[in-house]
Amino acid sequence: MKIIKKILFALILNFTLSIYSKVLIFTFSYNRPDFIEIQYKTLKKFLKDDYEFVVFNDAPDLSENEKSITNMCKKLNIKHIRIPQNIHSKPYLKRWPGEDYNHPTIRCCNVIQYSLNTYGFNHDDIVLLLDSDIFLIREFSIQEFLKNYDIVSFPQQKANNNFIITQLSVHLTFLNMPFLHNRNNMDFNCGKVFDVPVDAGGQTYFYLRNNPDLRIYYLNNQNIKEFYCENCFNLNKNLCNHNTVLLKQLNFSENEINFIQSGPENIDFLFNKRFLHYRSGSNWNNQSEEYHRKKTNLLNNFINNILT
């Protein structure tokens, strides 16, 4: 009887939410205001749900990036929330000895947790955590896909002696808030789990462990190098045009094939090719201006082609 009631509740709740609610999409911007515009345009083009797109601005106070992000949001009429910069020095989340409070990973965890604590956990529908350099590139309904799931995300795992630490990724995570029990206990911090260092989102291990009945769908990702022919891959080339037959067999579109073969470095296709990940858009790995100029030009050409 309890199982039947739970199923009926889920059906009624899904029906109600599909009528009255909207998906809440959070992106977190430190630099690259041009990425906000790409996200805005691709969501508008390909997302089939009613949604609200919210930008959390985490650029340092009075910096050029802060102004540029603000101006881009005003230009596009996007909801824009300023991250109070003092959360990075309080500290906002638990810190372990020797950690740099302003390390990019720690800043990322602070911002994501702040967005959930202040807005996300109180939302009555799905919340999407969308990294600033990830773009929707095919038609997709979030609400339709999540009818049967509570969480959709990438799994990250680390071995710790006799068990595996499994956590959620911070890059692309869908949270079906009405179905997440004790969701305020969900912690996207990094730090350590049983003395094992974990990446951003590592503390979600405890939420997953304490809620074993969660319906979770784990995403896949494919790096562009997976599609290179053996010769080009072994020579570590940035360009391979010998893989057209393979790409067609893998159901890539003509625009996607042209983009892959144009030579962008270190690009991922996510969630069965629904999303594209530029990777390292914050430039945490200190790539050159020329690297990003070339990569961005190739990205923009692809985006313009799929939007027309």
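Lys75 is exposed, with a relative accessible area of 56%; here exposed means over 50% relative accessible area, buried under 20%, and partly exposed in between (1.4 Å probe, protein chains only). The model is predicted, so local features need pLDDT of at least 70 and side-chain atom pairs count only at pLDDT 80 or more, while totals for chains, interfaces and linings use all residues. Residues are numbered from 1 along each chain as its sequence is written, and side-chain values use heavy atoms, with hydrogens and water left out.

The side chain of Lys75 meets that of Glu37 in a salt bridge, at 3.3 Å from N to O. This pair links distant parts of the chain, with Lys75 in helix α3 (residues 64-76) and Glu37 in helix α2, 38 residues apart. A salt bridge is counted when a side-chain nitrogen of Lys or Arg lies within 4 Å of a carboxyl oxygen of Asp or Glu. Helices (H or I, at least four residues) and strands (E, at least two) are DSSP runs, numbered from the N terminus.

Glu37 also forms a salt bridge with Lys41, and the closest N and O atoms are 3.5 Å apart. Both residues belong to helix α2 (residues 33-46); because they are four residues apart there, about one helical turn separates them. Glu37 counts as buried at 18% relative accessibility, whereas Lys41 is partly exposed at 39%. Together, Glu37, Lys41 and Lys75 are linked in a network of salt bridges.

Side chains of opposite charge can pair when their charged atoms come close. A search of the whole structure finds 12 salt bridges. Another one joins the side chains of Glu256 and Arg138, with 2.6 Å between N and O. Glu256 lies in helix α9 (residues 254-261) and Arg138 in the loop between β5 (134-136) and α5 (142-145), so this pair ties together parts that are 118 residues apart in sequence. Glu256 is buried, with a relative accessible area of 2%, and Arg138 counts as partly exposed at 25%.

Strand β7 (residues 155-160) pairs with strand β8 (residues 163-168) in the antiparallel sense, over six bridges; two strands are said to pair if DSSP finds at least two bridges between them. Within this pairing, Lys158 has Ile165 in β8 as its bridge partner. β7 and β8 form a hairpin with two residues between them, and Asn161 in the turn has a positive phi of about 55°. In a regular strand the side chains alternate between the two faces of the sheet.
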